[in-house]
Amino acid sequence: MPSPYRAIFGRPGTRSFSVAGLLGRMPLSMMGIGIVTMISQLTDRYGLAGALSATLALSAAVLGPQISRLVDRHGQRRVLRPATLVSVAAVAGLLLSAQQRWADWLLFVFAACAGCVPSVGSMIRARWAEIYRGSPRELHTAYSWESIVDEMCFIVGPILSIGLSTAWFPEAGPLLAAGFLAAGVFWLTAQRATEPVPHPREQHTKGSALRSRGLQVLVVTFVATGAIFGAIDVVTVAFAEEVGHKAAASLVLAVYALGSCAAGAVFGLLHLKGHPSRRWVVGVCVMAVSMVPLQLVGSLPLLAVALFVAGLSVAPTMVTTMALVEEHVPRSKLTEGMSWTSTGLAVGVALGSSAAGWVVDAAGAARGYLVPGAAGVLAALVAFAGYRRLRPQSAPAVAGPAVAGGLPGRTDPATERQGEESVA
């Protein structure tokens, strides 16, 4: 492991909560694609499969920030365990309904309840932020590491989910994902020493973290970005099936994540200068351009190459996003703010997977890649339009745990954090 990554694990407990976070995040890459594979195996209806995956993502998008808001106030252990039990029970109901061929509406009910899943990645990043507050270099490396962990999930997860559902029984992928969620969350919440201290009610400013104009830009852009991811998952499974190698879809999607993982590992080693908003806009635009080759591929090997290249821009953009969230959201709402970006992705995944499913049913898998292409263009347009909200003020910035960057018309987040510390 390169020395910057080794250094961040010098603090006690960091290795344990990172591994627990890996297990808890596996459903992020396994559940949606597992549902698509399961339903397509049982019913051969990609429209229904995409709609159920979209329902799960939309439910998580609605419930995720509310769970994170409760975590900021009451702590991870008290909130995450009950939420996880609800989600696991709903997944069990979904699998039973699908296996017994019960009514479609019941599938949607269970899929919606399964969305009561905590944003484990936000919980882990909040722990890193607590440990390395005031050390931006170490925090950059920690966020890069977590992006690598995310991509490790997307390398291994689809292979497990699609592979088990096609080779063993259709419900195997989502079932294993639920097991990973329960194990990861209960192990994570057992580690109390590194859990961020809840903020008392009097330290919470009124309203949601989403009132931040900078966070609004990030979330809306991530809706379009999530549509890229959701559409690619669905269309790649359908494309692999059309060419007669459906199980190979997991390997192709793993290559997509591998490109992001490699880029994230390198990005964490860099000591970057300048404000992250510029890097963020560039990253979003590169993601949009990388969707163009997908419109031209005609075989699985070429698709794998195109997706590997497309993945190179993903992790650096995600890492930069987390730095911007910490800058634009007060400390007492940090977990909620990070969860809102996950919500944006979840909404986008829902829209992208649903739209891609209908396009595949109507026009075939090759045309389905138009959906992530259009989503990439939309993401770039939103990023350009909102760039001014993310730039720092021209006035000298107040020192804080990240590069300070206030916005016109609102209190600088670094000042808010200092005020909270003085209250504490």
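## Salt bridges in this predicted model

Arg25 is buried, with a relative accessible area of 3%. Welcome to a predicted model, in which a search of the whole structure turns up six salt bridges. Arg25 takes part in a network of these contacts, together with Arg125, Glu146 and Asp150.

**Arg25 and Glu146**
- Glu146 forms a salt bridge with Arg25, and their closest N and O atoms lie 2.4 Å apart.
- This pair links distant parts of the chain, since Glu146 sits in helix H7 (residues 136-167) and Arg25 in helix H2 (residues 14-43), 121 residues apart.
- Both Glu146 and Arg25 are buried.

**Arg25 and Asp150**
- The side chain of Arg25 also meets that of Asp150 in a salt bridge, at 2.9 Å from N to O.
- Asp150 has a relative accessibility of 13%, so it counts as buried, because buried means under 20%.

**Asp104 and Arg45**
- Another salt bridge joins the side chains of Asp104 and Arg45, at 3.1 Å from N to O.
- The two residues are 59 residues apart and link distant parts of the chain: Asp104 is in helix H5 (residues 104-114), while Arg45 is in the loop between H2 and helix H3 (46-74).
- Asp104 is partly exposed, with a relative accessible area of 30%.
- Arg45 is partly exposed as well, at 38%.

Notes: Residues are numbered from 1 along each chain as its sequence is written. This is a predicted model: local features need pLDDT of at least 70, side-chain atom pairs count only at pLDDT 80 or more; totals for chains, interfaces and linings use all residues. Side-chain values use heavy atoms; hydrogens and water are left out. A salt bridge is a side-chain nitrogen of Lys or Arg within 4 Å of a carboxyl oxygen of Asp or Glu. Helices (H or I, at least four residues) and strands (E, at least two) are DSSP runs, numbered from the N terminus. Buried means under 20% relative accessible area, exposed over 50%, partly exposed in between (1.4 Å probe, protein chains only).
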